[in-house]
Amino acid sequence: MTFRLTCPVCGKRDVYEFTFGGQERGPRPEQEELSAEDHFRWMQFRMIPCEPQEEWWYHAQGCGVWFRTTRDPGTNLEVEGDGDGDE
Amino acid sequence: MTVKPSFNWLRLRRLWRPAPVRRHYDVVIIGGGIHGLATAYYLARAHGIRDVAVLESHYIGFGGSGRNTAIVRANQRTPENVRLYDEGLKLWRTLTDELDFNLMFFNCGTLMLGHSEAAVDGYRMLASTHNLLGVKSEVLDPLQCAELIPGLDISDRPAFPIQAGLYHPPGGVVRHDAVVWGLAKGAAAHGVHIHQGCEVQGIDTDGSRVTGVRTSLGTIRCNRLGIMAGGYSTAVAAMVGIELPIHPLTIQAMVTHPLKPFLHHVFSSGAYHVYANQTLKGEIATGAHMDPQVNYTNDATAYYLKHQAEALVDLMPVLRGVRFMRIWAGLADMTPDMAPIMEGHLRYDDLYLDAGWGYFGFKSGPVAGKYMADYMATGERPEILEAFQLKRFLEGRYSGETAAVMKYGHWD
Ligand SMILES: Cc1cc2nc3c(=O)[nH]c(=O)nc-3n(C[C@H](O)[C@H](O)[C@H](O)COP(=O)(O)OP(=O)(O)OC[C@H]3O[C@@H](n4cnc5c(N)ncnc54)[C@H](O)[C@@H]3O)c2cc1C
Ligand SMILES: [Zn+2]
């Protein structure tokens, strides 16, 4: 079963128009204070519980915008974010 | 009063019987796939550790173990990996005897197609590595490829013309359900408990020890715990706050309607994202590229039917007009270097992990189980597993199954 994502510009579009950008994890840590191990960990290690997570997506075959949305890896579907959608 | 069946040979014999859930086991394994079942089997058979439970949230083989395209081979890239997969490949014959269950190993050989100069150079490198380690592999020119697999279009017409092939005679196909059932039969015969419909929902710890699991069938305590949950391993590890360098991604596969036997080898092409073989029933079983977003579903999509049809017909025009009958999906637990993680004493003294097999975890299931059983029985890492430690990712060392660190999307 395929699913759709909500592009802030184009509205609901087929997932295959988009590129997955990974979990939203806040700003990249400052390089100066970063040990090699922490850097490797930040780059590669993920906590992925089976519950909704905030993600980045890129509308590659559409308007070309990067945006965030909340999606449940357990169902693949977008869910309502908790409260103010911008956060 | 039971009615005696008139034909005894029609009576189905159970391969194994469910047992009542005990509240404590020496070893608990999360995941009733090939890796979990094989580990339990070898713990009981090779080490005499029989107080073992395999906990499976759905039914055995629900995960990748019952969904893969069943291709087995040993033509990996690095010596550490080749050595492990080679032993795994040799295990099918032994296991068929040992389990007294026909695993239907079809030793038809595999052919990887190369469509660029870089790919051909890579295959030369692979063949040398394999030959150095005593694993049969040879580079074929396009004409030889077509002799092996007559339907291939070796002309300049395809979008990616065939430039060479890497032929690996020891490879082939094994019936995946049979492996699941055979291992369950063997494990249960040695006293292992297999609990289906038993979902692990939490992991209990006390200081530096794992003490048990909370499940849909109540709390079960244990001395040693193994996470062998395939594509779900990241979700299970998250229950104890452990992050892993693994992305669970769906991979799709499909079969056509049955055809007369004409394809006698497995073939694959990285450029087309296609691998295919003809099953003993006559269907063309074929697998595709992965979906890009992390997920724990088994969702298949029409998108890949179309992709697969286009790719297959370009490579093998005789397949034009053949229809797909079925499509399905399963999870692949992808690591940055396409090599697995087999780890013990993972943050807790008695926590073990066997995951990150990506789309290589079927062929390696029994051999991984054998060594994970050694590891869990003794607490000491077997030498052959040195290369598969988690810490390599924190030391900037990769197993090198790919030339570069894999990226499945545009993140990082
Ligand atoms: C379409 C496809 C094609 C593939 N083709 C090949 C191939 O040709 N060759 C090859 O070598 N490999 C292939 N693979 C990869 C291979 O199938 C897997 O690597 C392998 O099956 C992994 O086995 P496993 O035992 O580790 O995990 P799984 O078989 O996934 O078993 C894990 C089990 O854990 C259970 N589980 C999950 N969470 C919980 C929980 N919380 N509590 C209890 N139980 C839980 C699941 O229900 C599942 O049954 C393919 C995979 C797919 C999806
Ligand atoms: Zn858009």
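Good morning. Between chain B and chain A, 10 residue pairs, both members at pLDDT 80 or more, are in polar contact across the interface; a polar contact here is a pair of N or O atoms within 3.5 Å, where within protein one must be able to donate a hydrogen and the other to accept it, and residues adjacent in sequence count only if both atoms are side-chain atoms. The model is predicted, so local features need pLDDT of at least 70 and side-chain atom pairs count only at pLDDT 80 or more, while totals for chains, interfaces and linings use all residues. Residues are numbered from 1 along each chain as its sequence is written, chains are lettered from A and ligands numbered from 1 in the order in which they are written, and side-chain values use heavy atoms, with hydrogens and water left out.

Let me stay with the interface. The number of salt bridges between chain B and chain A is 0, a salt bridge being a side-chain nitrogen of Lys or Arg within 4 Å of a carboxyl oxygen of Asp or Glu. Chain B brings 35 residues to the contact and chain A brings 29, with contact meaning heavy atoms within 4.5 Å. The two chains bury about 2800 Å² between them, and carbon and sulfur atoms give 62% of that area; buried area is the accessible area (1.4 Å probe) that two parts lose on being put together, summed over both. Within chain B, the residues losing the most area to chain A are B:Glu243, B:Gln293 and B:Leu394, together 24% of what that side buries.

I turn now to the metal site. Which residues hold the zinc ion, ligand 2? Its protein donors are A:Cys7 (SG), A:Cys10 (SG), A:His59 (ND1) and A:Cys63 (SG), at 2.0 to 2.4 Å. Donors are N, O and S atoms within 2.8 Å of the metal (3.2 Å for Na, K and Ca); water is not among the atoms, so sites may look incomplete. Along the chain, these donors follow the spacing C-x2-C-x48-H-x3-C. The arrangement is tetrahedral because the 4 donor atoms subtend angles of 103 to 123° around the zinc ion, and four donors count as tetrahedral if all angles lie between 85 and 135 degrees.

A:Cys7 counts as buried at 2% relative accessibility, whereas A:Cys10, at 35%, is partly exposed. Buried means under 20% relative accessible area, exposed over 50%, and partly exposed in between (1.4 Å probe, protein chains only).

Finally, chain A itself: of its 87 residues, 33% are buried. Its C-alpha trace spans about 40 × 30 × 25 Å along the principal axes.

How values were computed
Four donors count as tetrahedral if all angles lie between 85 and 135 degrees; four count as square planar and six as octahedral if opposite donors are over 155 degrees apart and all others between 65 and 115; anything else is irregular.
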